[in-house]
Amino acid sequence: VDYRGVAVLADLRAVPNSDWFLVAKLDAEEVWAEARYRAGVVVALVTLVIVAGGAGAASLYRQRRAEQFRGLYESLRENDQLLREAEAVGQLGSFVFDIPGDAWKSSENLDRVLGIGPGHPRTVEGWLQVVHPSDRSEMEAYLRDLLATRKQFDRQYRILRVADKAERWVHGRGRVDYAPDGTPLRMVGSIQDITGDRAAEHARLAEDERYQRQRGALIQLATSAPPKDDRALENAFQQLTEVAARTLD
């Protein structure tokens, strides 16, 4: 502390060959001011570096996230396209039915299967409008029973396409999600056009039936007694033609 009562940083040196001393001093406040300035500069520079590094890292993170999202988006688009193509090949479409809200959403391929457009009502009533008139009451009762007994949707039924009024057979499948108290919440499923399969099945059944008729006819003819005279031969011919007519329908 010098004569002013101020803290100083001093250096005292003796003057050679004399009784004098030389003192050099600097107020401590000035020393600390410089130190504080330099420290502030260092802190500012460090903070700037940290902020710049953080900004760079954040920018790099956003860029990588954007690339990830772009990749995910492209993957979803590709998968969605593959799903649409698969649905088109299988002649089926998917749906999600909000049961309490009485509203369902359908895929593009389901709209094609049902022959409906964007303006068609996506409600139970709208679905029943697509169901064949002869089957509407039965299908409405089936849906009510299904939801009341906590079953899953699995039914083949006829529809009349809205666009061209063509009668088609479809197979509807759906999983129903229920609340803990048993309240039906949502149904997720698909509807497939099986008209070709039904026709093939009917053809197979008809072929089986024809085969059974032919088999029975052969057994009947094989067990008949051989004709012994002209009258018996005439009766045999009559029996043969009758059996052949029934067999060939």
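**Strand pairing, core and aromatic contacts in the predicted model**

Strand β5, which covers residues 153–160, is joined to strand β6, residues 167–178, by 8 bridges, and the two strands run antiparallel. The model described here is a predicted one. Within this pairing, Ile 159 is placed opposite Arg 168 of β6. The two strands form a hairpin with 6 residues between them, and in the turn Lys 165 adopts a positive phi of about 60 degrees. Lys 165, which lies in the loop between β5 and β6, has this positive phi although it is not a glycine. With a relative accessible area of 58%, Lys 165 is exposed.

On β6 there is a further pairing, with strand β7 (residues 184–193), again in the antiparallel sense and over 9 bridges. Here Gly 174 stands opposite Gly 189 of β7. The hairpin made by β6 and β7 has 5 residues between the strands, and Gly 182 takes a positive phi near 90 degrees in it. A positive phi is also found at Asn 17, where the value is about 60 degrees although the residue is not a glycine. Asn 17 is located in the loop between β1 (8–14) and β2 (21–27), and, with a relative accessible area of 87%, Asn 17 is exposed.

The largest nonpolar core contains 25 residues, of which Leu 114, Trp 127, Phe 153, Tyr 157 and Met 187 touch the most other members. Two or more residues are given to this core by each of β3 (92–98), α2 (108–114), α3, α4, β5, β6 and β7, and the element that gives the most is α4, with 5 residues. The contacts of Leu 114, leaving aside residues up to four places away in sequence, are with Trp 104, Val 130, Ile 159, Arg 161 and Val 162. His 132 is found in the loop between α3 (124–130) and α4 (136–148), and its relative accessibility of 11% is under the 20% limit, so His 132 counts as buried.

Aromatic side chains were examined next. A pair of aromatic rings is described by the distance of the centres and the angle of the planes. The structure holds 3 aromatic pairs. In one of them, the ring centres of Trp 127 and Tyr 157 are 5.9 Å apart and the planes stand at 85 degrees; because this angle is over 60 degrees, the pair is edge-to-face. Distant parts of the chain are linked by this pair, with Trp 127 in helix α3 and Tyr 157 in strand β5, 30 residues apart. Trp 127 and Tyr 157 are both buried.

Tyr 142 and Phe 153 form another edge-to-face pair, with 5.4 Å from centre to centre and 70 degrees between the planes. Since Tyr 142 belongs to helix α4 and Phe 153 to strand β5, the pair ties together parts that are 11 residues apart in sequence. Tyr 142 has a relative accessible area of 17% and is buried, and Phe 153, with a relative accessible area of 8%, is likewise buried. Through ring pairs, Trp 127, Tyr 142, Phe 153 and Tyr 157 are linked into a cluster.

Helix α1 spans residues 28–90 and includes Gly 53. The relative accessibility of Gly 53 is 40%, a value between the limits of 20% and 50%, and the residue therefore counts as partly exposed. Between Gly 53 and Leu 221 the separation is 168 residues in sequence and 99 Å in space, taken from C-alpha to C-alpha.

Notes:
Residues numbered from 1 in each chain as written. Predicted model: local features only at pLDDT ≥ 70, side-chain atom pairs only at ≥ 80, totals over all residues. Heavy atoms only, no water. Pairing = 2+ DSSP bridges. Helix = DSSP H or I, 4+ residues; strand = E, 2+ residues; numbered from the N terminus. Buried < 20%, exposed > 50% of the residue type's maximum accessible area, 1.4 Å probe, protein only. Core = buried A, V, L, I, M, F, W, Y, C linked by side-chain atoms within 4.5 Å. Contact = heavy atoms within 4.5 Å. Phe/Tyr/Trp six-rings, centres within 6.5 Å; stacked < 30°, edge-to-face > 60°.
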